[in-house]
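Reader: Hi! Could you walk me through a few residues in this one?
Author: Happy to, let's have a look.

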Amino acid sequence: MESHACPMSTCAAPAGSPCRTGKGKVAIQYHTARFRLVPQLAKALSVPTE
């Protein structure tokens with residue numbers, strides 16, 4: 001999923017980077033809007049960052 005930039009305006013993580021919180025720290029989980037860009041993950045409830 002990191003091959004896609006995060007579409008959330010509050011995150012805006014570029015491709016190759018994990019999602020970020022509003023304070024700029026790495027988020028615990030990828031934002032739903034981002035992992036829905038990957039068809040295989042579209043039905044997942046959460047995807048943790050690594």
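Reader: Is Gln29 buried, partly exposed or exposed?
Author: Gln29 counts as partly exposed, because its relative accessibility is 38%; that class lies between buried (under 20% relative accessible area) and exposed (over 50%), with a 1.4 Å probe and protein chains only. This is a predicted model, where local features need pLDDT of at least 70, side-chain atom pairs count only at pLDDT 80 or more, and totals for chains, interfaces and linings use all residues. Residues are numbered from 1 along each chain as its sequence is written, and side-chain values use heavy atoms, leaving out hydrogens and water.

Reader: Thanks! What does Gln29 touch?
Author: Setting aside residues up to four places away in sequence, Gln29 touches Cys19, Ser46, Val47, Pro48 and Thr49. Contact here means heavy atoms within 4.5 Å.

Reader: And Thr49, buried or exposed?
Author: Thr49 is buried, with a relative accessible area of 18%. A polar atom of its side chain lies 2.7 Å from the backbone oxygen of Ala27.

Reader: What about Cys11?
Author: For Cys11 the closest cysteine sulfur is also in Cys6, 3.7 Å away, so too far for a bond.

Note on methods: Disulfide = S-S within 2.5 Å. Polar contact = N/O pair within 3.5 Å; in protein donor to acceptor, adjacent residues only side chain to side chain.
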